[in-house]
Amino acid sequence: MGRKKGKYWLLVISAFFLLAWSIHPVHSADELFLTGVVKRVDSTRGLVIVEIRSGSCPGTMTLKVRDIEEVSGSEGKKISFFINTSICSTTELNEMYDIVFLRG
């Protein structure tokens, strides 16, 4: 009888550790979806100045871009993109991604 109890507890403890190991904490990232017009592209520094027209974050922002070729020559074009923050701040240098050029 004692041997069966030992196997039972071993199974319970093993199941607990397997469950605990397989559960990962959820990581959520807040981001803003913005729309605006490209005012200037600085290819040497990898920066883009955008006049934001979204109601959640109006104003002019300077943003980083990983691939500057994606936005080179886009002055005056309307774009939409994401930044990895939920707070609109014109003083922080955020990176823009998932850039889409809009018509009109």
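E69 is exposed, with a relative accessible area of 59%. Exposed means over 50%, buried under 20%, and partly exposed in between, using a 1.4 Å probe and protein chains only. This is a predicted model, where local features need pLDDT of at least 70, side-chain atom pairs count only at pLDDT 80 or more, and totals for chains, interfaces and linings use all residues. Residues are numbered from 1 along each chain as its sequence is written, and side-chain values use heavy atoms, with hydrogens and water left out.

Where is E69 found? In the loop between β3 (59-64) and β4 (78-83). Strands are DSSP runs of E, at least two residues; helices are runs of H or I, at least four; both are numbered from the N terminus.

Now the disulfide. The structure holds one. The cut-off is a pair of cysteine sulfur atoms within 2.5 Å. Here C57 and C88 pair up, with their sulfur atoms 1.6 Å apart. They link distant parts of the chain, 31 residues apart. C57 sits in the loop between β2 (47-52) and β3. C88 sits in the loop between β4 and β5 (94-102). The torsion about the S-S bond of C57 and C88 is about 60 degrees, so this disulfide is right-handed.

Are the two cysteines buried or exposed? C57 counts as buried, at 2% relative accessibility. C88 is partly exposed, with a relative accessible area of 31%.

As a general point, a disulfide is a covalent bond between the sulfur atoms of two cysteines.

Last, the helix. Y8 lies in helix α1, residues 2-22.
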